[in-house]
Amino acid sequence: MNNYKYIIINRLTDEVTIQKNLRDIEKFINQKYPEETFSYSTISRRLRENTGKYFSYYDLIVKELLWGVDNEEVLNECKE
């Protein structure tokens, strides 16, 4: 199993970051927007609400990466 679970894209800067879990996303968002509080349970709920497994938050797009068997094989080949 891989550790790459979520991608965050900043629509204004095209900056991309990869996070391993919901707590890491929570920390990332709360550092970027300290005036707001955004919990990991809210992140989980927002991802579940959308069948595409993504949501927007201000200038960010948060997307869950969905890995299948083929993608796992590609990832393993890239490590070699």
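Biologist: Which residues form one aromatic cluster?

Modeller: This is a predicted model. A search of the whole structure finds 5 aromatic pairs. One aromatic cluster is made up of Tyr33, Phe38, Phe55, Tyr57 and Tyr58.

Biologist: How many residues apart in sequence are the parts that the pair of Phe38 and Tyr57 ties together?

Modeller: The rings of Phe38 and Tyr57 form a tilted pair, with 4.2 Å from centre to centre and 40° between the planes. Phe38 lies in the loop between helix H1 (22-32) and helix H2 (40-49), whereas Tyr57 belongs to strand E3 (residues 54-57), so the pair ties together parts whose separation in sequence is 19 residues.

Biologist: Is the pair of Tyr57 and Tyr58 stacked or edge-to-face?

Modeller: A pair of aromatic rings is described by the distance of the centres and the angle of the planes. For Tyr57 and Tyr58, the centres are 4.8 Å apart. Planes over 60 degrees apart count as edge-to-face. The planes of Tyr57 and Tyr58 are at 80°, so this pair is edge-to-face.

Biologist: Is Tyr57 buried or exposed?

Modeller: Tyr58 has a relative accessible area of 47% and is partly exposed. Buried means under 20% relative accessible area. Tyr57 has 9% relative accessibility, so Tyr57 counts as buried.

Biologist: Which side chain of opposite charge is nearest to Asp59?

Modeller: Asp59 is located in the loop between E3 and strand E4 (60-64). Among the residues that Asp59 touches are Lys32 and Tyr33. Asp59 is buried yet has no salt bridge. At 4.0 Å, the nearest side chain of opposite charge is Lys32.

Definitions and conventions:
Residues numbered from 1 in each chain as written. Predicted model: local features only at pLDDT ≥ 70, side-chain atom pairs only at ≥ 80, totals over all residues. Heavy atoms only, no water. Phe/Tyr/Trp six-rings, centres within 6.5 Å; stacked < 30°, edge-to-face > 60°. Helix = DSSP H or I, 4+ residues; strand = E, 2+ residues; numbered from the N terminus. Buried < 20%, exposed > 50% of the residue type's maximum accessible area, 1.4 Å probe, protein only. Lys, Arg positive; Asp, Glu negative; His and termini not counted. Contact = heavy atoms within 4.5 Å. Lists of a residue's contacts leave out its neighbours within four places in sequence.
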